[in-house]
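Dear colleague,

I am passing on to you the structure that I have been looking at.

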Amino acid sequence: MADLSVELCGIKLDNPVIPASGTFGFGAEFAELYDINVLGTFSFKGTTRQPRFGNPTPRIAECPAGMLNSVGLQNPGVEHVIAEELPRMKTYFCKPVMANVSGFSVEDYAYTCALLDAQDQIGWIELNVSCPNVHGGGMSFGTDPEAAAGVVRAVKAITKKPIIVKLSPNVTDIVAVALACEKAGADGISLINTLLGMRIDLKTRRPVLANNTGGLSGPAVFPVALRMVWQVAHAVDIPVVGMGGVSSADDMIEMMLAGATAVEVGAANLVDPYACRDIINELPETMRKYKIEKLSDIIKGANSWEKTL
Amino acid sequence: MRDITFEISENVPLTANVRRMRLYGDTADITRAGQFVNVRLDGFYLRRPISVCDAENGVLTLIYKCVGAGTERMSRMRTGERLNVLTGLGNGYDISLSGRRPLLLGGGVGVPPLYLLAKKLLAEGKDVSAVIGFNTAAEVFYEKEFASLGCSVTVTTADGSYGTKGFVTDALPEDATYFYACGPMPMLKAVYAKTDISGEFSLEERMGCGFGVCVGCTCKTVTGGKRICKDGPVFKKEELEWQI
């Protein structure tokens, strides 16, 4: 009997499959299709202190093997999430859920996290540090190790639940950001958020996205994500959640071999609403194929080649 | 919503770049006119949302315009090939509000979803008028099909090469009780501005998922942001706050 379970920051997951924030809403649309309790957990829609309408449309553009989005963190705000979404979620999801939190100042993050930390249903808080810092000239928290660490320190000081920091790949040295977050008290790291990209409409000569640029996701980003998971997992001593273009059980195993303790699945949910259920169903057969009895045994299990300079 | 694989039974041109595809499969999830399906195409990451023209007895009819590489790929598919779709998406039109003399307003490739709507309204014994607009005579399609259902049909062309010269808003009947509109945004905004009666608009936007989770296709309404794919694509006139 294949053992799919893993442990993420002290909480056991039946399997490492986690739908990524922004591709799964609060789970209700998927719960109409299948019993989402088969998931390890899921990371719900990125939540901010205030409700947000998000960016103007078009917000979606297609790319070879992927897509761009510039949704702009549309969400109903943390108070609505606690009053409406979490009670409704109880009717179809009975495992600890991952709360994804965004903010535009350290105070925003702390406010939102403090409210969510008090909710029993929530197992982990995933901090999205890719948003612009309004007090830092609009530069993303996640592009500066000190700014990212500042958010982590502020949140850790007022929360009890494990804090997983979701890193932006749009940096020169992602390991430096990961190490700064670990030092500031982060319980885990998740990566990668989307890669900044753009498309231009040849007929109108305007960017396809009304925001001009957006975040690339889908299979196109998988090798970049895998490389960053590998680098970060070999630098930090806290668990790493890998994501970026994962669409199959094979991709899951590759991410875990690179160093991921659990794996988030994003864009795949949008084109195939059964993607996560199917990956979970395929995992036992895939494990047999690669002679894996216990999935947690393969975390960071890839042996690197010796490098000659 | 369900994930269903259909088999293509027909894929024929109606005009130079508008085609009709008929498919065999389970159409049970399409319960209202104005719903859509999201089509998976080999070689393309995102699905393509296409409005349902007709769905009856296991035959799905889609009318689509070739506007890019995805619909171009769709146009080359042959009878017997399979097409995976997410079916039964969106809210669709509310026929209970039509009154006795509903008016259907379609522009270009916005015409097809009004066909199933016409059938449903006629089945309820309504006196249905359709005004369908195109750019030019060569782009006109489905005039006869609407007429043979039993609608009164008016065709408009922007260049006057066929039917009434002008836009659908230049041929609005005076006694309509309620309207149902689908077409390009300038047409919808003209309908919004030029009608005294209430009605419904079917909106369009670039979509990621088509079933409400990516919130890529949000529009502004009087009650805040709504997802065109899940809360729409049909919105009541009173829900929209367009600046005309």
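Predicted model: local features only at pLDDT ≥ 70, side-chain atom pairs only at ≥ 80, totals over all residues.

Residues are numbered from 1 along each chain as its sequence is written, chains are lettered from A and ligands numbered from 1 in the order in which they are written, and side-chain values use heavy atoms, with hydrogens and water left out.

Chain A contains 9 helices and 15 strands, where helices (H or I, at least four residues) and strands (E, at least two) are DSSP runs numbered from the N terminus. Its radius of gyration is 18 Å, which agrees with the value near 19 Å that a compact globule of 309 residues would have; the radius is taken over C-alpha atoms, and the globule rule is 2.2 Å times the number of residues to the power 0.38. The C-alpha trace of chain A spans about 50 × 45 × 40 Å along its principal axes. Of its 309 residues, 58% count as buried, that is, under 20% relative accessible area, with exposed meaning over 50% and partly exposed in between (1.4 Å probe, protein chains only). Among the contacts in chain A with a separation of 6 or more, 71% are between residues 24 or more positions apart, a contact being heavy atoms within 4.5 Å.

Chain B, in turn, contains 4 helices and 15 strands. The radius of gyration of chain B is 17 Å, close to the 18 Å given by the globule rule for 244 residues, so chain B is as compact as a globular protein of that length. Its C-alpha trace spans about 45 × 40 × 35 Å along the principal axes, and 55% of the 244 residues of chain B count as buried. Of the contacts in chain B with a separation of 6 or more, 63% join residues 24 or more positions apart.

One helix of chain B can be followed residue by residue. In α4 (residues 185–194) of chain B, the buried residues are B:M187, B:L188, B:V191 and B:Y192. Seen down the axis of α4(B), these residues fall within an arc of 140 degrees, so they line one face of the helix; the arc is that of the directions from the helix axis to the C-beta atoms. The buried residues of α4(B) pack against β7 (102–107), β11 (178–182) and β12 (199–202) of chain B.
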